[in-house]
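Please look over the sequence and the model below.

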Amino acid sequence: MSITSNMFMYSLTLQPAGMITQAIVGKFVASKPKEEQLVLAQGERLSLNAVHRKSGTFSTLVSQDVFGIIRNVSSCRIPGTPSDLIIVASDSGRITVLKYDEDKVRFERVHLETFGKSGIRRTVPGQYVATDPRGRCTMFASVEKNKVVYILNRNQEQQITISSPQEVNKAQTLTFALCAVDTNFQNPLFAALEVDYTDIDQDPSDNSYNEREKMLVYYRVDLGLNHVVREWADPVDYSANLLFQVPGGADGPSGVLVCAENSISYRSSGHDPLTVRIPRRRGALEDPNRKRRIVAGVMHRLKGDFFLLMQADDGDLFKVSFVMAEDDHGRKTGEVTRLELRYFDTFPVATTISILKVGYLFVASENGDSYIYRFLTLGNDIEQAWTSETYSEEADMTPQTYYQPHEFENVQLVHTIPSLNPQKKTIVEDVEGKDDWKIYTTSGTGARSALNIISHGLEVTTHTQAALPSAPLYVWCVAGAREDDHDKYMVLSFSDLTMVLAVGSETREIQDHGLRADVCTIHMAQMGDYGMLQVWDRGFRYLPDSSKPDDSNYPAEDWKCPPHRTILKATSNHQQLCLALSSGELLYFEVSENSMHIQEYDQGDDQVTVSGVVQSMSMGQVPAGRQRAPFLVLGSDDSTIRVYSLDPGDEMLKSQSIQSLTSPPRSIEVLPMEDGTGMTTFVHVGLYSGVYLRAVLDDVTGELGDVRSRFLGAEEAKLFPVTVNDKPAMLCCGARTFLSYPHPDTKEMMLTPLDYHSFGYASMLRTGLAGQLESMVGLRGAEICVFTVRDIDSNIIRKNIPLKHTPRGFCRHPDFRYYSVIQSDPNTLSQRTIKQLLADESIDSKDRYQVGPNHQFGWPRANGHWSSCIQVVDPQAESEEDAVVYSIELEDNEAALCCEMVPFENQDGETFLLVGTGQHMRSGTQTPKGYVHVYRVLAPGRELEFIHKTAFDQPIFALLPFQGRLAMGVGNELFIYDLGQKALLRKCRAKTPGVQIVSLATQGSRIVVGDLQESVCYVVYKHAENKLIPFADDTVARWTTAMTMLDYDSVAGGDKFGNVWIVRCPKAASDESDEPGAGNFLSHEKSYLGGTPHRLDLLVHNFVQDIPTSVQKTTLVPGGQEVLFWAGLQGSLGIFVPFVDREDVEFFSTLEGHLRADDPPLAGRDHLMYRSYYMPVKGTIDGDLCERYFVLPRDKKERIAAELDRSVREVEKKIGEMRTRVAF
Amino acid sequence: MADKLRTTQQLEALQNKYIGTGHADTTKFEWTSNIARDSYASYVGHPPLLQYMSLALGDASREETRVRCIEGMVRPVGPPPEVQD
């Protein structure tokens, strides 16, 4: 097959995965030796983050895509080096040692050593990483058999050296946990939890299996002899799962804590084991037989002391402290008398817990947002403690092992790190029909779940919003002097008067300003050193010193317009002024050297006139180090912009260049901004048609070039220069308000809407009050708003609506704005059971309580129970509390699994909510069943009315509206049902060649069936024969998690291993299936290899790492092209953009090739191999890799651009536009 | 003859280095245990997959799912068949 027939997609990430796989704390910035930072591994990204010492807020210093799966990270400080190193275990089969380079703001690779095959395999080390606390060596271990040790050191030249790998392998041994043991400066020691299955594999009886033991094994690294030995092994509790280091040397007794079900024990090679039982919550709702396990923990050293914080699997955090034996002189010996355990507080279940020395606790949640808490106390005053002295093997549930959880007492929440993980269902929809596409998604689990509304935008903080008696036309904020960093006056211009306000702690109107108040001002600015300029339609006034308006030493100068003319437009900076008159004349003025006067430039006989009516013009500010702005850019109603020179020599007011436009320019601003090449002067143009243009203005020739354009909406675009975070930016007001600014990292042009209304006029306001230096003031009718944009790092705004249980799906009635969200939690007591237990008189009344609030403590757990509900949610609700408008609890251990709005033809097209459920799933005792519930949606969509439910013998995972009826999957059978009075009525049935139908899609009379394990299958419905006939399926077993039809023949989907793919039905098979009257022929066609008669072709395949849970064909921005949007379990949002142009495909694939060679992935994974993890990458260009071009060093950029026969700017524009054309 | 010996030695070295390398007499038990162990290791090793499993199983924590998977590797397909003498 020729390559031209292929489909090509450009894969881009809109939001990277939010799930934190691992977090480490260390001092990674060499210039700040006292400050600790957090390194987070999230999906395929590694980021370095700082936590603010005072406020606890979290900010990212650098975040880099490593194009590999990060398995584990660890930190290491080699004595005598200024900063900690980051050791990364990824799927590259290599150890990566990184350090943070402050100057270049990126991670620098110090070492990359290969030890095994790539990929994540059973025997390739990297599953566990442990580093010696003294930074001498690091151990990588695999799940089975292999362990490898690298010795790190420092040579004479202060370079970090790494040894060859020291292997210590033991075949048929499984490793459950690994940690380093603190031996002070004796030879490094590592502890592992291991199970040997050699005997079990040989023994046909159950004896060896039942007698299997879990061993705590010590591995000693002999630094002198350069080898590793298995030193000591001791059996521990078989349920043990985690190990924690206990400080050694002067700080503590050394050894490890072994965490198992219900117990934590202290182990050391020369010490008796000490065990303490994990207590459990008190109350009627707690299952007494449920075993609790430690899931995460952290050891923290204090001066002369230490403690550990350990989290049990319901989120309760315990503080473990050691009581040491003392010798005769009251000094601590190395012997531990007892362990003490105290209940600390309750947090979300974490993957990693870290303590920052400045007093913060970082909790990387397993699901949902992560948090930073401030320590209020270290829990030294908590009285209730459980010790190892009262522990005995037999005492199973001694009364003192109960406690009552409480709300935060020892910590205080200071910062939330948002994450959409785990993301189940996502829909991109324009609910209001205003071409405002929003992403609706669900995140979190259990009581911490939410429906999220994600929109593209920047968050705005409103300071003032006040109504004025009438609507002003313009507003300007003017500084008192040129060098001032704050504004003195705010001038409001109405249709017949001008009002001047003094800006201060109390902004009020003043009269003694020296300006004319009886005219409609059309331009106002600071001018000269201390002066001010006011322009109205018939003239202007120049005040040489605005602070002394009445001083006769500084007389105001008035200039009057020649008769029969008016001033149309004016532009000025502190040195120059240009006026455009209604006659087409262009006048130019400059301030005299002593700033006392303003002088007109004598144009002599050849007066410059402009053809057409001047619509807008700008000179921009005087560039630093120059006398005057070199060019005047002017736009007139003949849809052109012209550049005039302002060089006082011969070239004065000579036209330099001309550019024609698609529409007359509404406003023009000359404003330098940062781009990939440094500070560049840009001409920003807003057109009447609503298009915003940004062109580069050549500082020497005045030529315009490198035009970027974006459509803002069908209203004229007005531009106002502002500064955000001390950087120039452009506020663009059209149908919505946008901000145009360079991306903080890549310097690429960004255009992001503000989460605010649009304005008729706006201006920058520098107040210097309350730390808010940079604010903006906007006019919206008679309303004046003062607001700031603080954070331009993230252009995604997220709104949350809290839900009750883990969301499984949601859908919307086409007529109403409300979403019905189905939610279900496994192994959780249902609301009804909770009520029954709490009302049960036979239980002690003290125990009959429910801990709350639920979002902190979660729901009471009980194996085999399900808790499920349907909630109706208003996504446009003002507050979180009002958002949930209706709720129905499911009973009898049913769990909602899927939902769909289905219009039924036999009910006059009325749309019903159908919910597929499962009953007694995984209960162990009862066989699972399924139901489909039918609900009527009562107008205005806020309530549901239960009609009936129909039983099936398996849980229902997929429903679909199909030609006025319902198509659904039961097991591997596809059915068509109609709505009856008392139940759903079966109309048609077909067996598909799969295992379990999990998703359905339709177009025409074709249904595509997504199978749990057997990819997708195409089924045709033959109306005449009333038959469903599967006619095409796939060659590869894709474990489909989500799929959608791209067109009649193509299906895009995602699978459980993190691939996104597109398959297409061959044309012949597709045509054959649609032939009228072919039903009998099709159903008797010969099946091929036990499947359907035809096979699908693969068009696109790409490994995206995250598991796609939703795919959808949609637009994301107004006027944008349709893209394939996908959302992943870990919280990633991504798109696949189809290439339209063959040349673009070639361009980007060449660029991708260059980047693979010039910027190889950080963790040593081969990029092409990574994207081809399960199957060779096909028809996909990795946009994330292409966007790495922005952050390459200048010389590499130029080299690649030269190879592509383009300039750096052109390459950047092309890459930038691939994203901005369709998304954000 | 020497060639055959070398091939056998090479195969043995491979089998030693990469567990799961089969031979002419691989039994069903060995083959299926090997696949099951590989799968479990993959579930544990890929963070999204582990999370997916953990959510689907309704486990209290991902740690529980992880331990359960590795525990599954101890005897993934039940006891080996009785040896026929």
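Gly58(B), which comes just after helix α3 of chain B, takes a positive phi of about 70°; helices (H or I, at least four residues) and strands (E, at least two) are DSSP runs, numbered from the N terminus. This is a predicted model, in which local features need pLDDT of at least 70 and side-chain atom pairs count only at pLDDT 80 or more, while totals for chains, interfaces and linings use all residues. Residues are numbered from 1 along each chain as its sequence is written, chains are lettered from A and ligands numbered from 1 in the order in which they are written, and side-chain values use heavy atoms, with hydrogens and water left out.

**Chain B as a whole**

- Chain B holds four helices and zero strands, and its elements run α-α-α-α from the N terminus on.
- Its radius of gyration is 17 Å, well over the 12 Å that the globule rule gives for 85 residues, so chain B is more spread out than a compact globule; the radius is taken over C-alpha atoms, and the rule is 2.2 Å times the number of residues to the power 0.38.
- Taken along the principal axes, the C-alpha atoms of chain B fill a box of roughly 60 × 30 × 15 Å.
- Of the 85 residues of chain B, 41% count as buried, where buried means under 20% relative accessible area, exposed over 50%, and partly exposed in between (1.4 Å probe, protein chains only).
- Among contacts in chain B with a separation of 6 or more, 45% are accounted for by residues 24 or more positions apart; contact means heavy atoms within 4.5 Å.

**Helix α3 of chain B**

- Helix α3 of chain B spans residues 47-57, and its buried residues are Pro47(B), Pro48(B), Leu49(B), Leu50(B), Gln51(B), Met53(B) and Ser54(B).
- These buried residues pack against β2 (20-26) and β6 (70-76) of chain A, together with α2 (28-45) and α4 (62-72) of chain B.

**Interface between chains A and B**

- In this interface, 38 residues of chain B are in contact with 55 residues of chain A.
- About 4,100 Å² is buried between the two chains, 59% of it on carbon and sulfur atoms; buried area is the accessible area (1.4 Å probe) that two parts lose on being put together, summed over both.
- On the chain B side, Tyr52(B), Arg62(B) and Arg75(B) lose the most area to chain A, together 14% of what that side buries.
- Arg75(B) also lies over the face of Tyr209(A), at 3.9 Å from the ring centre, and the charged end of Arg37(B) sits over the ring of Tyr197(A), 3.6 Å from its centre; the rule asks for NZ of Lys or CZ of Arg within 6 Å of the ring centre and within 35 degrees of the ring normal.

**Aromatic pairs**

- The count comes to 45 aromatic pairs over all chains, with rings of Phe, Tyr and Trp (its six-membered ring) pairing if their centres lie within 6.5 Å, and planes under 30 degrees apart counted as stacked, over 60 as edge-to-face and the rest as tilted.
- Phe720(A) and Tyr761(A) form an edge-to-face pair, 4.8 Å centre to centre with 65° between the planes.
- This pair links distant parts of the chain, 41 residues apart, with Phe720(A) in strand β58 (residues 718-724) and Tyr761(A) in strand β62 (residues 761-769) of chain A.
- Phe720(A) is buried at a relative accessible area of 6%, and Tyr761(A) is buried at 17%.
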